[in-house]
Amino acid sequence: RLPKPERRHILLYKPRGYVSTRVDPEKRPTVIELLERAKIRGYFYPVGRLDYDSDGLIILTNDGTFAERLMHPRYELERAYEARVRGVPDQKALDRLRRGVPLDGERTQPAGVTIVHVMEGKSTPQSLVEVVLKEGRNRQVRRMFEAVGHPVLRLTRVRIGAVRIGAMKPGDLRELTPREIEGLMKPKARGRKLP
């Protein structure tokens, strides 16, 4: 019998222009290439996705139990984003985002949405908005803001559970600490206690 590989959990600040997959049929750069450049060997896969055009935190692991706990919707693990959007969403738009907007015939779960800062753009103001989700549909934040008329110009995931981006820069990576791993494994499941 071969010994089981050591379980590893790597936090990566994914730069824009990389795909969150092991292999890309379009031959775009992948997050796995960033691990290889850092001389991290072994079979890793990303936990969830982060769009090609987005940057921020993503976790890569070889631990299936850990990955399932983080990805399954019933555990409602929070993910926080900073979205720079065109214009300034009014109260009606903010309320729609908070309540949930229909995407693909199904309403998104309620979201935490807060305008952090308004700045001047070239032709129209722009807003920096913090968005906190407990689900992760394909291009969800971008599609939610599209639905209320405020396209996303830049999107960064700044937090997964209690793990924050801190001083990390695009391309930086590090091992999660045992305390961070324990915290990520603790989210409550909807309607039942975790084992």
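Trainee: Which residues have the most contacts inside the largest nonpolar core?

Mentor: That core has 31 residues, in a predicted model numbered from 1 along each chain, where local features need pLDDT of at least 70, side-chain atom pairs 80 or more, and totals for chains, interfaces and linings use all residues. Side-chain values use heavy atoms, leaving out hydrogens and water. A nonpolar core is a set of buried (under 20% relative accessible area, 1.4 Å probe, protein chains only) Ala, Val, Leu, Ile, Met, Phe, Trp, Tyr and Cys residues joined through side-chain atoms within 4.5 Å. Top of the contact list are Leu 60, Val 141 and Phe 145.

Trainee: And which element gives the most to this core?

Mentor: Several elements each supply at least two residues, including strand S1 (9-14) and helix H4 (140-147). Helices (H or I, at least four residues) and strands (E, at least two) are DSSP runs numbered from the N terminus. With 4 residues, the top contributor is H1.

Trainee: Which residue forms a salt bridge with Glu 78?

Mentor: A salt bridge is a side-chain nitrogen of Lys or Arg within 4 Å of a carboxyl oxygen of Asp or Glu. Here the closest N and O atoms are 3.1 Å apart, and the pair links parts of the chain 81 residues apart. Glu 78 sits in the loop between helix H2 (64-71) and S4, while its partner, in strand S9, is Arg 159.

Conventions: Buried means under 20% relative accessible area, exposed over 50%, partly exposed in between (1.4 Å probe, protein chains only).
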